[in-house]
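User: I would like to learn how to read a structure like this one feature by feature, with the general idea before the particular case. Could we begin with contacts along the chain?

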Amino acid sequence: MDGDFRSDFVRDPVALRQFPALVLNADYRPLSYYPLSLWPWQDAVKAVFLDRVDILAEYEHVVRSQRMEIRVPSVVVLREYVKPRKRVAFTRFNLFLRDEFSCQYCGAKNDLTFDHVLPRKLGGVTSWENVVAACAPCNLRKGSKTLRESGMKLRTRPMRPESEQLRNLGRRFPPNHLHDSWLDYLYWDTELDA
């Protein structure tokens, strides 16, 4: 993959490109930071009519029906709290997020793939504790050898992340687009500079 991995990995659906709504949990935190919890404006308007959310901020843009008009919601908060998942799914995206979108052998940020630390041909399994993000050159160099045989070293030991750990890592990778009305609701619980 060429270019910035983070922007290439998460492709915005067309509906999100125009007037997306930031979705906050009932505790006023985003449901997720990376990818940022966004709804297409149509889903946000529907949730307002179903009385499932409250509107905290709006765009200037107005949508109309035969009987009414409504400003498109920019930030909505759920009326009922959604309990965050405790178990983190083992996905390629979550693996790259855990490893901060960098090769665990050389630190490169481009052309990422994943590597089995103990190769599968030697009994290595596909798990949090045995798979790391690796750039293509390092992955090719290591091949199906052990770390000792390849002469390579890991920057950090792979381990199963906690959901809160991934949530905190996600805050360090802001999305390409942040609407001004969202800023009051994002990153409010991070430590301030002195």
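Analyst: A contact means heavy atoms within 4.5 Å, and in this predicted model residues 24 or more positions apart account for 62% of the contacts in the protein chain with a separation of 6 or more. Residues are numbered from 1 along each chain as its sequence is written, and side-chain values use heavy atoms, with hydrogens and water left out. As the model is predicted, local features need pLDDT of at least 70 and side-chain atom pairs count only at pLDDT 80 or more, while totals for chains, interfaces and linings use all residues.

User: Which elements make up the protein chain, and in what order do they run?

Analyst: Helices (H or I, at least four residues) and strands (E, at least two) are DSSP runs, numbered from the N terminus. The protein chain has seven helices and six strands, and from the N terminus their order is α-α-β-β-α-β-β-α-β-β-α-α-α.

User: How many disulfides are there, and why?

Analyst: A disulfide is a pair of cysteine sulfur atoms within 2.5 Å, and by this rule the count is zero. The sulfur of C103 has its closest cysteine sulfur in C106, at 3.8 Å, which is too far for a bond; likewise, the sulfur of C135 is 3.6 Å from the closest one, in C138, again too far.

User: Is C103 buried or exposed?

Analyst: Buried means under 20% relative accessible area, exposed over 50%, and partly exposed in between, with a 1.4 Å probe and protein chains only. C103 is buried at 0%, and C135 is buried at 4%, whereas S144 is partly exposed at 39%.

User: Which residues are closest to the centre of the largest pocket?

Analyst: On a 1 Å grid over the protein atoms alone, a pocket is an open set of points where a 1.4 Å probe fits, with protein on both sides within 12 Å along at least five of seven lines, and lining residues have an atom within 4 Å of a point. The largest pocket has a volume of about 590 Å³, a volume being the space filled by probe spheres set on the points. Of the 25 residues that line the largest pocket, L31, S32, R85, S163 and R167 are the closest to its centre, and α7 gives the most to the lining, with five residues.
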